[in-house]
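User: I would like to go through this model with you, one region at a time. Shall we begin?

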Amino acid sequence: MTAVPFKKLMGVAFISVTLGLAACTSEEQAARVQGNTSPSNTTAPSEAAEPPTRLVTNASNPDFSASPREFEAPACENADQPRTGGGVYSVNLQSASGHNIAFSVFEPANIDCANGNPLVLHGHGYGGSRSRSPGGILKRLVDNGAGVISIDQRGFGESGGTVRVLDPDFEGQDLLQILDWAEANLDWLRYSNKKPVGGKKFNMVLGATGGSYGGGYQLLIHNIDPKKRLDVLTPDIAWNDLRYSLNPGGTVKSGWALLLVAGGESGSLQPKLQAGDPSAVQTSGQDNLIRETLLRGTLANRFPEGALEFFRYHSPSYWCDSEAAGAQTFLQSEVTPGLAQKTPDPVDILFTQGFRDTLFNFNDAWHNFSCYRSLEDKKGKKADVRLITHQSGHILPLSASTVPGLADLTEQGAQNGLNEIEFQKPGGPFACGELGIVDAQFAFLVDKLFTPAEAEAIRAADASNAFDLLAANKGKVCLSLNDDVGQGTASENAAVWVNENTLFNSLAPKAKGQATQSAIAPIAIEFTPGAEPTSVLTSAATGILRYPFAPAVMPIDLPAGVNTIAGIPTATLEIAPPVDMLMNPVCSEIYAVTAMSPIGLAGLEPGCDPMLFVGLGVNRNGAWRLIDDQVTPVRGFGKRHVELTGVAEKLAEGESLGLLVYGYHPQYPVTSSRDLLTPIVALRGTLNLPALQNLMP
């Protein structure tokens with residue numbers, strides 16, 4: 001997987017079953033796995049409280065001895081001759097909300113009747129549907145002894161109901177119901193006594209994988225499951241807070257919002273209409289609450305506050321952050337959340353994220369990583385939480401050159417000093433240096449879900465370097481520096497492993513709202529009208545007209561020895577009118593009216609609503625280009641803390657860094673400023689850069 005294609009995107013645990021076994025001899029280890037609690041060696045007093053690890057299969061789990069099970073074709077009825085594995089079949093359940101839940105079961109290739117087999121959940125991207133047969137990482141898992149359940153999320157594929165974007169009270173309850181079904185119907189499931197919950201002695205050995213929407217569902221299950229069944233997660237390109245992802249800086253990310261609407265409606269409605277269900281138009285598609293939010297956002301040029309609270313309830317930030325929950329109000333109703341905020345339990349997670357992702361960017365992954373990395377259990381123990389980056393993700397390289405007949409015109413414009421109007425450039429390798437993301441996900445799942453002996457056998461037969469690289473770099477974050485367009489594999493020195501503490505101390509904010517404590521002095525920013533014409537900042541219609549030309553640029557001189565920017569820049573920025581009289585004196589009153597109106601003032605806030613788009617750029621071969629295609633909107637007069645989108649770039653000899661400022665950007669096609677009374681503004685403040693020194697070429 002390199003860049004996530006639009007059609008795919010839209011259509012788009014150490015459980016440690018290390019389990020304390022590593023110090024035992026092979027004979028002692030085998031005895032303990034089978035339930036022998038008296039190994040020959042003496043356990044240290046500090047370890048005595050930890051019960052020896054024991055694995056059992058579902059069919060022989062004493063926790064369920066008094067519960068009716070529904071094993072239609074028992075795999076382990078005869079433990080000496082288990083049923084042949086590798087079966088594939090589909091299941092349909094009736095959800096608590098009255099709709100169908102559809103998923104496919106891929107049985108492990110070989111069924112282990114003594115210790116059971118781990119289970120891994122798989123989820124699809126927004127607008128997509130489940131896998132019907134195991135391929136890719138799913139096949140690798142099945143072939144090595146794990147079972148897989150691939151899920152049609154609510155509203156998509158064959159699952160019914162409206163799409164509510166992973167609502168804990170709807171999609172969340174559907175997902176828990178699937179886990180309940182698995183425990184009642186799959187007798188080969190593996191259980192461990194490593195982390196029992198409640199009065200039970202064992203808990204299911206369970207992992208999860210998937211990207212985008214297929215990453216978000218993993219965190220949702222972990223955050224809401226009272227039985228705490230998930231042991232390891234591998235979410236790729238997922239979000240932390242949908243308010244930030246879809247509405248950064250109070251600015252609707254209209255490019256992706258429009259595409260998500262199209263993909264969501266198509267991915268939900270089309271399969272049902274093709275199956276001959278005319279009622280799908282009323283019963284499927286995106287929920288009316290989401291449609292209302294998008295319509296009001298388009299009309300008012302901003303999302304309503306109640307809808308933003310709705311989106312936050314559907315985000316990891318609802319569980320991670322201390323911010324109080326707000327009212328989820330809509331025009332015709334108010335949504336009452338069914339689940340109160342609570343701190344998540346620690347769990348092993350491998351977060352992966354693309355620096356080129358313009359929907360869910362590096363900041364989303366960083367704040368998820370920061371949250372789950374800090375969690376501790378009752379004994380003060382933390383889980384194994386990692387972060388690895390790549391050059392793929394939500395990529396949409398739409399530009400004039402992709403339209404037949406416009407390539408020549410684009411080339412002529414470039415010769416005359418114009419920049420091509422483009423959403424972003426193509427993605428790069430789905431890898432961090434020499435570490436492939438799929439290989440890393442597979443290795444992480446194997447290390448956490450299987451016993452050490454099993455994992456070692458799988459590692460010995462695996463052709464990738466992922467097991468060794470993950471073991472050697474525990475406590476480090478892999479930052480991908482390679483954004484070469486269209487490159488299929490990562491080039492030499494295209495990534496750097498950075499100690500987690502270094503990132504927290506100097507390359508990213510320790511928490512939301514805090515500044516990056518840069519290793520270099522803050523950079524002063526000063527764009528004042530009346531200076532050189534190319535540094536004049538335009539907003540509103542003038543910003544749109546100016547976009548094809550070079551953006552306003554402030555060159556940045558880096559200290560000697562600094563050649564890499566990698567992490568999250570932060571800034572204190574102030575947008576000011578070029579002349580005081582140009583600012584409307586009643587802006588506060590206008591803002592109050594806008595907030596109370598169902599549709600705002602159609603985005604018309606005269607003299608009060610300037611908008612700029614800021615990003616770091618590199619001058620390469622005489623032309624400025626955005627690093628990783630990332631811009632951050634800055635909206636409205638006044639001073640504020642700004643967390644710019646995270647980037648990673650190593651500058652070559654002769655290349656220079658700059659701050660690029662636009663009055664309009666195609667990633668926000670219909671949410672530029674509508675304030676025609678503020679065509680020109682000033683921007684000033686300070687910038688904290690995440691800089692790495694002396695990174696060798």
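User: Is Gly-255 buried or exposed?

Analyst: Gly-255 counts as buried, at 7% relative accessibility. Buried means under 20% relative accessible area, exposed over 50%, and partly exposed in between, with a 1.4 Å probe and protein chains only. Please note that this is a predicted model, in which local features need pLDDT of at least 70 and side-chain atom pairs count only at pLDDT 80 or more, while totals for chains, interfaces and linings use all residues. Residues are numbered from 1 along each chain as its sequence is written, and side-chain values use heavy atoms, with hydrogens and water left out.

User: Where is Gly-255 found, and which residues does Gly-255 touch?

Analyst: Gly-255 is part of helix H7, residues 254-274. Helices (H or I, at least four residues) and strands (E, at least two) are DSSP runs, numbered from the N terminus. Not counting residues up to four places away in sequence, Gly-255 touches Phe-423, Gln-667, Tyr-668 and Pro-669; contact means heavy atoms within 4.5 Å.

User: Let us turn to helix packing. At what angle do H4 and H5 pack?

Analyst: Two packed helices are described by the angle between their axes and the distance between the axes. For H4 (residues 171-185) and H5 (residues 213-224), the angle is about 75 degrees and the axes are 10 Å apart. H4 is therefore roughly perpendicular to H5. Axes are lines fitted to C-alpha atoms, for helices over the stretch in contact, and angles run from 0 to 180 degrees between N-to-C directions. Angles under 35 degrees count as roughly parallel, over 145 as roughly antiparallel, 65 to 115 as roughly perpendicular and the rest as oblique.

User: Which residues of H4 and H5 meet?

Analyst: From H4, the residues are Glu-171, Gly-172, Gln-173, Leu-175, Leu-176 and Leu-179, and from H5 they are Tyr-213, Tyr-217, Leu-220, Ile-221 and Ile-224. By class, this contact of H4 with H5 has 8 nonpolar, 2 polar and 1 charged residues. Here Ala, Val, Leu, Ile, Met, Phe, Trp, Tyr, Cys and Pro count as nonpolar, Asp, Glu, Lys and Arg as charged, and the others, Gly among them, as polar.

User: And how far apart are the axes of H12 and H17?

Analyst: The axes of H12 (residues 362-374) and H17 (residues 500-507) are 13 Å apart, at an angle of about 120 degrees. H12 and H17 are therefore oblique to each other. The contact involves Trp-366, Phe-369, Ser-370 and Arg-373 of H12 with Glu-500, Asn-501, Leu-503 and Phe-504 of H17. These residues divide into 4 nonpolar, 2 polar and 2 charged.

User: Moving on to the loops, where is Leu-186?

Analyst: Leu-186 is in the loop between H4 and strand E7 (190-192). Leu-186 is buried, with a relative accessible area of 1%. Beyond its neighbours within four places in sequence, Leu-186 is in contact with Asn-58, Phe-71, Tyr-89, Val-105, Ile-149 and Trp-181.

User: What does the side chain of Glu-107 join in a polar contact?

Analyst: The side chain of Glu-107 is joined to that of Arg-83 by a polar contact of 3.0 Å. A polar contact is a pair of N or O atoms within 3.5 Å; within protein, one must be able to donate a hydrogen and the other to accept it, and residues adjacent in sequence count only if both atoms are side-chain atoms. Glu-107 is placed in the loop between strand E4 (100-106) and strand E5 (119-123), and is buried, with a relative accessible area of 5%.

User: Lastly, what is the phi of Asp-628?

Analyst: Asp-628 has a positive phi, near 60 degrees, and is a residue other than glycine. Asp-628 is found in the loop between strand E26 (623-626) and strand E27 (632-635), and is buried, with a relative accessible area of 0%.
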